[in-house]
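Subject: Handover of a structure

Dear colleague,

Please find the structure below, followed by an account of what was found in it.

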Amino acid sequence: MSKRVSILGAGSWGTALASVLAKNKQEVLLWSRDQGQIERIRATGKNADYLADYVLPANIQLSADLAAAVDFADIICFVVPTKAIRTLASQVANLLKDRTSDRSVPVIMHASKGLEQGSHLRISQVLADSLAGLDYRGVVVLSGPSHAEEVVREDITAITAASQDDEAARLIQTLFSNDFFRVYTNTDVIGVELGGALKNIIALGAGALVGLGYGDNAKAALVTRGLAEISRLGVAMGADPLTFAGLSGVGDLVVTATSPHSRNWQAGRAIAQGQAVKEVEGGSRMVVEGISTAIAANELAAELEIDMPITQAIYDVVYLEKPIRQVINNLMRRKGKGEVSMASQLADASRENN
């Protein structure tokens, strides 16, 4: 089964996903709004801005023409930073209005991770809002523990395709799966999106611990208690707690909070070593989603009255410029309490279902 897939966003992850599809003999078009970037990829066969040493499969089509990308596609995949999703989706919506009636209804999917600032909407909600009134299938969310650098060298990777449209999720599973890239399906879009977004905040903290010279004990404590925070907020927003024990929960958190490949981990380390947040954000071509997501998560926690002390601490460091060692000390000296973990939430959920 061959489908035409347009990947909107030629960063590292968009490029990696296009590569997987190309190796699976799908028809794939990689779009970037930057004509110069497209011309450089076409001339060298490499996306040197993001994956310098990787030669792209020759059957990936390239374009900076959004209208051509939308017209090409049976499946439209958004892989741009969260802050760019609404604008791009609105442009796509205008183009979809002009598609002829004899074209198949497109499947909409995304592989981005974040929450919209101000509205606190998940990306699938932003897409649904932007595409309201149009005929499409999905939205499918592709998320999980996945470094682009490892995917392009065909390291084993397993992620999740989540959608309320089971058929659309299974389609994405079929198109992307191969010997090194395995896709599971899930119907819990809320949990999958929140897991992917919120883990970036914890990854900032994990990088900061490394930058300060702390060891494995501290990192383990941060990741474990961070997962408890993610699951608390997720459940309050309607997610299935079991999702956070899966690939888009603990899996994505572990890979992002423990690897130098992670831009959020790198950013946290740089901030802990004294680099200004604006310098960290401006010094990379890739967006550090955890920095902006920390605002949305902190506001959501306050609105829903969810206890998220680690998220609050990271927000205090990044946005209120509080001394990082003092913030850590405050966390450690919080009033003693019993451990309320993700495991206890899973047990509660199991009792409710029996």
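The largest pocket has a volume of about 870 Å³. A pocket is an open set of points on a 1 Å grid over the protein atoms alone, with protein on both sides within 12 Å along at least five of seven lines, and lining residues have an atom within 4 Å of a point. Grid points are joined across faces, edges and corners, and a volume is the space filled by probe spheres set on the points. In total 37 residues line this largest pocket, and those closest to its centre are Ser12, Trp13, Val79, Pro81 and Arg263. Two or more lining residues come from each of the elements α1, α6 (148-152), α8 (189-212), α10 (247-258) and α11 (263-272). Helices (H or I, at least four residues) and strands (E, at least two) are DSSP runs, numbered from the N terminus.

Please note that this is a predicted model, in which local features need pLDDT of at least 70 and side-chain atom pairs count only at pLDDT 80 or more, while totals for chains, interfaces and linings use all residues. Residues are numbered from 1 along each chain as its sequence is written, and side-chain values use heavy atoms, with hydrogens and water left out.

The UniProt annotation "binding site", from an unreviewed entry, covers Ser12, Trp13, Arg33, Tyr50, Lys113, Ala148, Arg263, Val287 and Glu289. Of these residues, Lys113 is included in the lining of the largest cavity. UniProt positions follow the numbering used here, feature names are shortened, and annotations may be inferred rather than shown by experiment.

Two of the annotated residues can be described further. Tryptophan 13 is part of helix α1 (residues 12-23). Is tryptophan 13 buried or exposed? Tryptophan 13 counts as buried because its relative accessibility is 13%; buried means under 20% relative accessible area, exposed over 50%, and partly exposed in between (1.4 Å probe, protein chains only). Beyond its neighbours within four places in sequence, tryptophan 13 is in contact (heavy atoms within 4.5 Å) with Val79, Ala111, Ser146, Ala148, Val151, Ile159 and Phe181. Arginine 33, by contrast, counts as exposed, at 52% relative accessibility. Arginine 33 lies in the loop between β2 (27-31) and α2 (35-44) and, not counting residues up to four places away in sequence, touches Leu88 and Gln91.

A search of the whole structure finds 1 cavity of 30 Å³ or more. A cavity is a set of grid points where a 1.4 Å probe fits but cannot get out. The largest cavity holds about 40 Å³ of space, and its lining consists of His110, Ser112, Lys113, Gly114, Ile123, Val141, Ser143, Val192, Glu193 and Gly196. The largest share of that lining, 3 residues, comes from α8.

Strand β7 (residues 107-110) deserves a separate look. Val107 and Met109 point one way from β7, Ile108 and His110 point the other way, and all are buried. Strand β6 (residues 75-78) runs parallel to β7 and is joined to β7 by 4 bridges; two strands pair if DSSP finds at least two bridges between them. Strand β8 (residues 137-143) is also parallel to β7, again with 4 bridges.

Yours sincerely,
A colleague
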